[in-house]
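Keep the structure open beside you as you read.

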Amino acid sequence: MMEDLKIPRHIAIIMDGNGRWARQRGMPRIMGHYRGAEVAEDIVKYCADLGVEYLTLFAFSTENWKRPKEEVELLFELLRNYLTQKKEELIKERVRLKFIGRRDRIGKDLRRLMEELERDTAEDFRITVILAVDYGGRDDILRAVNKVMRLEFDHVDEDTFSYFLDLGEIPDPDLMIRTAGEKRISNFLLWNLAYTELYFTDVCWPDFTKEELLKAIEDYSRRKRKFGRVLDE
Ligand code: IPE
Ligand code: IPE
Ligand code: MG
């Protein structure tokens, strides 16, 4: 079985169900986010061991600002603490960190920290982890359109346009996983998911494990990716 595994070069994950996970245990939602951050850390290491080159994690969407102020603040505090505490470990584990999404609505200190981590993890790495923070697929496309207009292009093709999107030269995700049973994209990478294989599981993100990831990759390995073509019989 293991020999047949096709390891996706780029995996994208909508880490959903933190709130429900906590609720089911009679805990405040933020506890689900804490546990979720630990799970993300494990999954990063496991993906690196498997040879996944890029892992994009949806951490906060442009729509998540609509949540109660307290939850939003705690989420950003969690991110700030995480980035501060884990810097050395990321370097030791050879994880290169990148961020996608808007930066203009994020506090200056956090923004500096994000830039610092991007810089300091860029040297020697075995996996690139892309954290989507204040990210929306539509917002990404619009920011790209505006960049193109500022440069006064009168025509762009798909490859050129992709370059202006947040993922830039990073290849499109091969596999997108969403946890917690919801079957929607929720404004994640709209452009880049055009031909991505989608995998949904009912497991809430704080319960997601290596075994669950392997299940998703096994499922992916059995897919026939056609990209519109007819495959040889
Ligand atoms: C995903 O879990 C994490 C973020 C969106 C930040 P949720 O917080 O959406 O959890 P549910 O969907 O309410 O269970
Ligand atoms: C998507 O999850 C965003 C993240 C995981 C960061 P949501 O929980 O915000 O999505 P909806 O509201 O169920 O569509
Ligand atoms: Mg949710």
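This is a predicted model: local features need pLDDT of at least 70, side-chain atom pairs count only at pLDDT 80 or more; totals for chains, interfaces and linings use all residues.

Residues are numbered from 1 along each chain as its sequence is written, chains are lettered from A and ligands numbered from 1 in the order in which they are written, and side-chain values use heavy atoms, with hydrogens and water left out.

**α2 with α7**
- On the α2 side, I43, Y46, C47 and L50 make the contact, and on the α7 side K210, L213, L214 and I217 do (contact means heavy atoms within 4.5 Å).
- Seven nonpolar, no polar and one charged residues make up this contact of α2 with α7 (Ala, Val, Leu, Ile, Met, Phe, Trp, Tyr, Cys and Pro count as nonpolar, Asp, Glu, Lys and Arg as charged, and the others, Gly among them, as polar).
- Helix α2 spans residues 29-50 and helix α7 residues 210-222, and they pack at an angle of about 45° with axes 10 Å apart (axes are lines fitted to C-alpha atoms, for helices over the stretch in contact, and angles run from 0 to 180 degrees between N-to-C directions).
- α2 and α7 are therefore oblique to each other (under 35 degrees is roughly parallel, over 145 roughly antiparallel, 65 to 115 roughly perpendicular, and the rest oblique).

**α3 with α4**
- α3 and helix α4 (residues 108-120) pack at about 20°, their axes 10 Å apart.
- That angle makes α3 roughly parallel to α4.
- The crossing of α3 and α4 is left-handed.

**Largest pocket**
- The largest pocket has a volume of about 970 Å³ (on a 1 Å grid over the protein atoms alone, with a 1.4 Å probe, a pocket is an open set of points with protein on both sides within 12 Å along at least five of seven lines, and lining residues have an atom within 4 Å of a point; points are joined across faces, edges and corners, and the volume is the space filled by probe spheres set on them).
- Of the 43 residues that line this pocket, M15, N18, F58, A59 and F60 are the closest to its centre.
- α3 gives the largest share of the lining, nine residues (helices are DSSP runs of H or I, at least four residues, and strands of E, at least two, numbered from the N terminus).
- The lining divides into 22 nonpolar, eight polar and 13 charged residues.

Conventions: A crossing is left-handed if the near helix is turned anticlockwise from the far one by less than a right angle, and right-handed if clockwise.
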